[in-house]
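Hi everyone, thanks for coming.

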Amino acid sequence: MGLKMVEAGGGDKTFSTRTAARILAVTPERIRYWVKRNLVRPLNSGGRKYRFAFNDLLEMRLAKELLGSRQHIDPIQRCIERVRALVDPDRSVTSLKLVNDEGRIVVRDGPSLIEAETGQLLLDFDRSYRPGKVEDGFGPARVRERFEEARRVADEDPLRALTIYSELVGREPGNFEAHLRLATLLEREGDLGGALRHLLGAAAIVPASADVHLKLGLLYRKKDEHQIALRSFLRTLECDPASVEAHRNAAEVYEAMGRKRDSQRHLSAIHRLIKGD
């Protein structure tokens, strides 16, 4: 099941209340209550026909999970506010990792640990820190199991898949495939900045991956950053000179830049590759 979205004024993907409710398996009335209590802030401020950004869905997923184990909404509201404050407009909440440490919600942002409800910075983030049962028994077999779970649910429940892949990347920053899967999902849901970060992460892990550089080029084209896109396509061809798609995109970018001779060079390369010369 894909996510039904519309374009907001700035080109970002948004979701209606009914669509968000279906994705999260809650009632539309529950989402309206969360809006009233400021657990989530819709993009529009007037009326009851709300539109939500993708990060809003992730915040609501967090709220739903936390409310399942707590009786009062006020601590959850403080938790969501703290998480929201940690995420600047250019970041996705998937860049943060949340851990339930025996009822205390801890946000991991890189090397830092912050208690979500109080905002207190925890200074004992070292090997002696044990964030509860979430970390127990998470060996290679469990990593593979979680990865396969995310792969299976990616189409029906992309939010769950994003959560799992983010967890895997948090545990294994060098997990090349998890970075690629995250990038694909985030791009599909309209978070181009998040997708770019994970593609760059994958490129740092495997610098000679033609597939990664091609994906980077296509993403930069989507962001209208054509010079950087061109560099990525040329890097793709360094890794795989037989990439027809890289030649085609390079030709199109050169054509748009008015460099017809360079464009024709890549078109000729495509012709030779197709003929098998």
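Let me start with a term: a nonpolar core is a set of buried Ala, Val, Leu, Ile, Met, Phe, Trp, Tyr and Cys residues joined through side-chain atoms within 4.5 Å. Buried means under 20% relative accessible area, exposed means over 50%, and partly exposed is in between, with a 1.4 Å probe and protein chains only.

Some housekeeping: this is a predicted model, where local features need pLDDT of at least 70, side-chain atom pairs count only at pLDDT 80 or more, and totals for chains, interfaces and linings use all residues. Residues are numbered from 1 along each chain as its sequence is written, and side-chain values use heavy atoms, leaving out hydrogens and water.

On confidence, pLDDT is the predictor's score for each residue, from 0 to 100. The protein averages 78, and 71% of the residues score at least 70. Where pLDDT is low, the predicted coordinates should not be read in detail.

Now the core. Which residues touch the most other members of the largest nonpolar core? Of its 59 residues, they are I31, W34, F52, F54, L57, M60 and Y165. Take W34: leaving out residues up to four places away in sequence, W34 touches V26, L39, V40, M60, K64, L67 and I73, where contact means heavy atoms within 4.5 Å.

Next, H179, which sits in helix α7, residues 176-188. Helices here are DSSP runs of H or I with at least four residues, strands are E runs of at least two, and both are numbered from the N terminus. H179 is buried, at 8% relative accessible area. Beyond its neighbours within four places in sequence, H179 is in contact with V169, P173, H198, A202 and I205.

Let me finish with helix α12, residues 260-275. Where do its buried residues, D262, S263, H266, A269 and I270, point? They lie on the same side of α12, because they cover an arc of only 120° around the axis, taking directions from the helix axis to the C-beta atoms. An α-helix has 3.6 residues a turn, so residues three or four places apart point the same way. What covers the buried residues includes α10 and α11, while K260, R261 and K275 are exposed on the other side. After α12 comes G276, with a positive phi near 85°.

How values were computed. The expected span of a helix is 1.5 Å times one less than its number of residues.
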